[in-house]
Amino acid sequence: MNEKDHLNTLSDIRSLMERSSRFLPLSGMSGIFIGLYALAGAWFTAWYLREHFSGTGSSEPAAAGAPPESLLAPTGMIVLVAFLVLSLSLLTAYYFTRRRAVKEGLALWDASARRMLLNLCIPLAAGGLYCLALWKHQHPELLAPAMLLFYGLALLHAAKYTYNDLRFLGLAEMMLGLLASFLTEYGLTFWALGFGLLHILYGITMYYKYER
Amino acid sequence: MKEYVSGLNREFESRVRLGIMSILMVNDRAEFKTLKELLALTDGNLASHLTALEKAHYIKVKKQFVDRKPNTTYSATAQGRRAFTEHLNLLEKFLKSNKQ
């Protein structure tokens with residue numbers, strides 16, 4: 001064996017270690033779209049709240065100790081929008097990831113994909129249930145911070161099983177979540193920054209780094 | 001320079017075996033099917049290399065039934081991990097000494 005053989009062997013080893021333990025087809029392009037959906041959803045929610053509840057005299061809902069009725073009432077429309085944003089995001093992520101897997105000849109559903117998804121979903125499921133509890137105990141002002149925090153934790157955890165870059169997105173989401181926990185009157189703004197802007201920035205970075 | 005090359009582990013002469021060990025270094029365990037797909041090998045070819053590694057006590061085999069189907073998983077032993085790491089260290093030394 002000469003030097004070139006040894007170098008080839010080392011790059012083989014490296015590639016096998018990476019392909020067998022990390023989920024690689026994850027696409028940055030989907031991040032850009034998901035961010036746009038989130039921004040649209042946040043913009044609509046802000047408009048909807050202003051349109052329907054600015055006349056009730058409680059324009060500073062978080063400042064008052066207990067959340068006013070008005071914040072709990074408009075659930076129907078907002079839940080619908082949230083659900084729409086979530087479904088569109090999942091479909092988009094699936095579409096772009098599948099496209100990339102086909103293009104680069106990577107497996108879409110293998111052990112690494114299952115492991116990444118499972119590790120992403122465990123903290124997310126806990127977060128989802130926790131948000132339901134917040135809702136039940138009438139703390140709608142804590143929903144945005146809780147979503148950001150749990151999402152950040154989920155990304156941080158899942159990063160071990162896919163691109164390490166995901167860790168930084170997770171940390172940024174957690175920081176926004178913590179800030180939002182204290183500045184509850186800007187909940188929707190922080191939500192838009194975290195789920196909208198950060199996704200777009202992350203998507204662009206990943207696209208240029210790995211997909212071009 | 002020569003002694004580094006002769007020090008390289010004979011068990012790892014084949015790239016397939018190095019490949020199997022690479023996968024098992026970063027995964028607690030791997031199924032036969034997973035190994036086969038990642039290394040793009042035929043059943044027979046992969047099986048013979050797995051047997052060789054098992055004989056060297058570098059990997060452990062676990063056979064069990066999942067949903068009444070036989071399921072074979074492989075994991076690296078402490079001895080195998082040590083041997084693999086030493087092998088990589090030697091490769092590194094060899095490459096470094098060549099550069100100078």
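Which residue in the turn of the S2(B) and S3(B) hairpin has a positive phi? Keep that in mind as you read; point 4 has the answer.

1. **Ground rules.** This is a predicted model, in which local features need pLDDT of at least 70, side-chain atom pairs count only at pLDDT 80 or more, and totals for chains, interfaces and linings use all residues; side-chain values use heavy atoms, with hydrogens and water left out. Residues are numbered from 1 along each chain as its sequence is written, while chains are lettered from A and ligands numbered from 1 in the order in which they are written.

2. **Chain B at a glance.** Chain B has 5 helices and 3 strands. Here helices (H or I, at least four residues) and strands (E, at least two) are DSSP runs, numbered from the N terminus. The C-alpha atoms of chain B fill a box of roughly 55 × 25 × 20 Å along the principal axes.

3. **The sheet.** The 3 strands of chain B make an open sheet in the order S1-S3-S2, with antiparallel pairing. Strands S1 (30-31) and S2 (59-66) of chain B are at the edges with a single partner strand each, so one side of each has no neighbour in the sheet. Two strands count as paired if DSSP finds at least two bridges between them. S1(B) is joined to S3 (residues 69-76) of chain B by 2 bridges, and Glu31(B) stands opposite Thr73(B) in S3(B).

4. Look for Phe65(B) opposite Pro70(B), and for Val61(B), whose bridge partner in S3(B) is Tyr74(B). The hairpin has 2 residues between its strands, and Asp67(B) in the turn is the residue with a positive phi, about 55°.

5. **A helix across the sheet.** Helix H2 (residues 15-26) of chain B lies across S1, S2 and S3 of chain B, at about 90° to S3(B). For such angles, axes are lines fitted to C-alpha atoms, for helices over the stretch in contact, and angles run from 0 to 180 degrees between N-to-C directions.

6. **Where the chains meet.** In the interface, 15 residues of chain A are in contact with 17 residues of chain B (contact means heavy atoms within 4.5 Å). The two chains bury about 1,600 Å² between them, 70% of it on carbon and sulfur atoms. His6(A), Leu16(A) and Met17(A) supply 33% of the area that chain A buries against chain B, more than any other three residues. Buried area is the accessible area (1.4 Å probe) that two parts lose on being put together, summed over both.

7. **A charged link.** Which residue of chain A forms a salt bridge with Arg15(B)? The partner is Asp12(A), with the closest N and O atoms 2.9 Å apart. A salt bridge is a side-chain nitrogen of Lys or Arg within 4 Å of a carboxyl oxygen of Asp or Glu, and the rule finds 1 across this interface. Helix H1 (residues 3-21) of chain A gives the most to the side of chain A that touches chain B, with 13 residues.
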